[in-house]
Amino acid sequence: MVVNQSHVAVSELENTRAKAATTPHRNSPAKQPLSSSSRSPNAPSPSDASRSQDDDETQLTLENMPGSTSHLIAKFLDELTMDNFDVVSVKILQWVNANDSQTLYHVTRLIVEKAVNNQGQTDVCVHLCKKMVKRVSGKIRDTITKNSKCSVIGGGPLFREHLGEVCQKKLEGVAVSITTALASSKTSLDSLPGTTRQPEVRRLRLIRFIRQLSDLTSKSEVSDVIISRAIVEKWIATLLDAKNAEKLVTLSILLDNAGPRWDATKKLETRMNSCFVEMTNIAQKTDNGRLRTLLQDVIERRNKGWVVNETTQQRRDLAENRRASCSSEVELANQQPELETMKTSKGGGNRLCHIQ
């Protein structure tokens, strides 16, 4: 007899809710202090030197969540596709709204992990984020996370803050992972073997995810905005580090993709202008040829109004077709990544290629 996995998951959800009803809330006095492994969402992050790489973060996320929660949410997210989106996304929201802000934070991390670690999952994760901004219950509040007016926030705005923080840590994490891979191999990025280049593939998927979130934000009503000005400013501040080449590479790629959307936002105009002034200064001073070329490319593209010429568009289409034909993670990593440095006809530098 064939059993529908969704019905099984719903039964497990109901059983776990019943158990949760007898469990003290995270803000209850009976709750023991949190350990360092299950930190509050906005607690200070570890230093770059001690930060776990992306693969380790996935394990930590699942381990820190209560067993029933990690099992059910992971199961729902594994099942989630565009075909069953309406049904499964409702189950995810039912579970989130039956729990607290810490659970919401962990679920947010799992959504980003799904988009970054799995090929072809960006679209469905973006749609889930859009739905959660609208549907997370306002009863879920966190006394630690506050808005610019220092007021406690909850519901969709709280999810948006968690999403911005998770993406920020991921942007930092992939830069650290790539720096480590380059240092250990003592070779160029193009010469790294496929398995070693997987952190770069994850960086490109993460940026594609952020770009699509930015696309939705530019088309949304104020109440549905997914990426706020404050979040973008934090991302820029985190990556605009003159002493860290891979953070600057990540920033260049991010701006090449999401920059046109952010530039169209008047509230970000001042920050974007100051960012590009600093990038110009770094490009003039750096001895790193690859970094200088990437910075100059995105600066030039912005100066020309973010126009994409026909040759560049053809390269993007070709890269997209190659990615679509990959049948495994290893094969994908062995291909030129989703946004890879491209050799110019002048035989020298590496050029940005926009993510599809």
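Reader: If a charge sits over a ring when NZ of Lys or CZ of Arg is within 6 Å of the ring centre and within 35 degrees of the ring normal, which residue lies over the face of Phe276?

Author: Arg302 lies over the face of Phe276, at 4.5 Å from the centre of the ring. This is a predicted model, in which local features need pLDDT of at least 70 and side-chain atom pairs count only at pLDDT 80 or more, while totals for chains, interfaces and linings use all residues. Residues are numbered from 1 along each chain as its sequence is written, and side-chain values use heavy atoms, with hydrogens and water left out.

Reader: OK, and what is the ring of Phe276 paired with?

Author: Let me take the aromatic pairs in order. Rings of Phe, Tyr and Trp (its six-membered ring) pair if their centres lie within 6.5 Å, and planes under 30 degrees apart count as stacked, over 60 as edge-to-face and the rest as tilted. A search of the whole structure on those terms finds 2 aromatic pairs. In one of them, Trp235 and Trp262 have ring centres 6.1 Å apart and planes at 40 degrees, so that pair is tilted. Trp235 belongs to helix α9 (residues 229–239) and Trp262 to helix α10, so the pair ties together parts that are 27 residues apart in sequence. The pair you asked about is Phe276 with Trp306, whose ring centres are 6.1 Å apart and whose planes are at 75 degrees, so it is edge-to-face. Phe276 lies in helix α11 (residues 269–285) and Trp306 in the loop between α12 (289–303) and α13 (310–324), so this pair ties together parts that are 30 residues apart in sequence. Helices here (H or I, at least four residues) and strands (E, at least two) are DSSP runs, numbered from the N terminus.

Reader: What about Trp306, what is its relative accessibility, and what is its phi?

Author: Trp306 has 12% relative accessibility, so it counts as buried. Its phi is positive, about 60 degrees, although Trp306 is not a glycine.

Reader: Which residues have the most contacts inside the largest nonpolar core?

Author: They are Met132, Phe209, Trp262 and Met279, in a core of 71 residues. At least three of the core residues come from each of domain 1 (68–184 + 196–221) and domain 2 (228–325). A nonpolar core is a set of buried Ala, Val, Leu, Ile, Met, Phe, Trp, Tyr and Cys residues joined through side-chain atoms within 4.5 Å, and the domain bounds come from an automatic or database domain assignment.

Reader: What does Phe209 touch, then?

Author: Apart from its neighbours within four places in sequence, its contacts include Thr122, Cys125, Val126 and Cys129, each of which is among the buried residues of α6. Val112, Ala115, Leu163 and Cys167 are also in contact with Phe209.

Reader: Last one, how many helices and strands does the protein chain have?

Author: It comes to 14 helices and 4 strands, and 50% of the 356 residues count as buried. Among contacts between residues at least 6 apart in sequence, 71% join residues at least 24 apart.

How values were computed: Buried means under 20% relative accessible area, exposed over 50%, partly exposed in between (1.4 Å probe, protein chains only). Contact means heavy atoms within 4.5 Å.
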